[in-house]
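Here is a short tour for anyone meeting this structure for the first time. Take a look at the model below, and then we'll walk through a few of its parts.

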Amino acid sequence: MSEFISKIRTIQWVDNCSRMVDQTKVPYEFKYVDIKSGQEMFDAIKTMIVRGAPAIGIAGAHGVVLYAMELKKENLSRDTFIKKLLEKADYMATSRPTAVNLMWAVEKQKEVIKNSTSDIDGIIEELKQNGIKLENEDIKINKKIGDYGAEVVPKGATILTHCNAGALATVGYGTALGVVRSAFAKDNTIQVFADETRPRQQGARITTLELTMDGIPTTLITDGMCSYFMKKKMIDMVVVGADRIAANGDTANKIGTYTVAIAAKYHNIPFYIAAPLSTIDTSIKTGDEIVIEERSREEVTHINGKIICAPEVNVINPGFDVTPHELIAGIITEVGILRPNYNESIKKAFS
Ligand code: MRU
């Protein structure tokens with residue numbers, strides 16, 4: 001049981017469909033669902049059956065394969081098949097707006113379509129193989145992120161994390177929690193504080209499940225508590241994931257991350273981002289250009305189907321915020337830890 005989550009594959013192409021853990025049910029149930037059509041995949045991403053930037057990237061890639069399989073049944077000419085498939089791919093990329101891994105992975109599939117010289121069956125096969133390749137690479141990348149990140153975890157450290165950037169947010173192993181896993185393998189005296197992460201509670205529901213199942217000591221705190229524990233010197237470092245990183249290092253991650261970063265700066269605690277290079281969007285100069293997803297009022301007004309506020313109250317529910325690069329000690333990637341000046345270190349990482 002203790003190795004259970006470390007070895008899990010959150011999303012996998014199997015039997016001509018995309019098999020994924022239904023994350024809306026975690027931790028009450030841990031079950032897989034098979035996504036069998038392009039529209040089902042669009043909805044699975046939008047409703048967060050699959051979530052976490054790298055995981056929704058793979059979901060988007062699988063979604064393009066599913067659309068290709070559907071279009072094949074329409075007996076179109078090769079040219080019309082390609083035209084329609086590229087349109088469907090663009091639609092898939094709009095299922096959520098903030099995590100750039102989704103657009104990145106869909107673009108990888110579009111390159112396969114545009115560069116292929118095969119017939120329709122051949123294109124579908126190439127798309128499947130590319131999706132499987134992206135899946136396998138994701139786990140390898142996360143292990144590299146974990147190894148680089150473990151080098152900056154002090155002995156016996158208490159690490160604060162926000163949201164879930166774990167195995168369940170990726171194909172497996174995780175980014176921020178990959179760093180925790182690799183550090184714990186070297187030093188089993190480290191421990192984690194997990195923010196609950198309102199409103200969808202990915203920290204409480206998913207991160208605590210992942211870490212406790214792997215035997216990593218974990219303490220759940222509510223989102224407003226981080227500065228209290230920082231002042232008491234009970235937090236040694238912060239590691240979180242990312243949904244999109246601009247060329248200057250500004251980083252979008254789950255709403256509440258920015259607050260944690262400000263508190264960490266005030267208390268002189270290093271604040272790290274752990275993310276693959278596919279999360280870096282070099283086409284945008286700063287975080288001001290990142291589109292922030294607005295989610296439903298019900299996520300805030302209700303808990304487990306029960307209203308928790310005055311029914312008519314105004315609600316605003318941005319899903320993400322942007323942490324300015326000045327607050328980030330380093331961005332842990334598969335090619336090493338990028339340090340300020342991020343404009344330069346990011347450029348170098350891509351060269
Ligand atoms: O809305 P979510 O649950 O998809 O948001 C997830 C996060 O913000 C994660 O921290 C981020 O995607 C990194 S996952 C490795």
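## Before we start

A quick word on terms: a residue counts as buried when its relative accessible area is under 20%, as exposed when that value is over 50%, and as partly exposed in between. Keep in mind, too, that what you're looking at is a predicted model.

Zoom in on strand 1 and strand 2 (residues 17-21): they run antiparallel and are joined by four bridges. Across this pairing, Gln 12 stands opposite Arg 19 of strand 2.

## A salt bridge across the strands

Side chains with opposite charges can pair up when their charged atoms come close. How many salt bridges does the structure hold? The count is 17.

One of them brings us back to Arg 19, whose side chain meets that of Asp 34 at 2.7 Å, N to O. Asp 34 belongs to strand 3 and Arg 19 to strand 2, so this pair ties together parts that are 15 residues apart in sequence. Are these two buried or partly exposed? Asp 34 has 29% relative accessibility, so it counts as partly exposed. Arg 19, at 26%, counts as partly exposed too.

Now for another salt bridge: the side chains of Glu 293 and Arg 96 meet at 2.8 Å, N to O. Glu 293 lies in the loop between strand 11 (280-281) and helix 10 (298-301), while Arg 96 lies in the loop between helix 3 (78-92) and helix 4 (100-115), so the pair ties together parts that are 197 residues apart in sequence. Glu 293 counts as buried because its relative accessibility is 8%, and Arg 96 counts as buried at 5%.

Arg 295 and Glu 299 also meet through their side chains in a salt bridge, at 2.7 Å, N to O. Both of these residues are buried. Through shared partners, salt bridges join Arg 96, Arg 200, Glu 293, Arg 295 and Glu 299 into one network.

Notes
Residues numbered from 1 in each chain as written. Predicted model: local features only at pLDDT ≥ 70, side-chain atom pairs only at ≥ 80, totals over all residues. Heavy atoms only, no water. Pairing = 2+ DSSP bridges. Helix = DSSP H or I, 4+ residues; strand = E, 2+ residues; numbered from the N terminus. Salt bridge = Lys/Arg side-chain N within 4 Å of Asp/Glu carboxyl O. Buried < 20%, exposed > 50% of the residue type's maximum accessible area, 1.4 Å probe, protein only.
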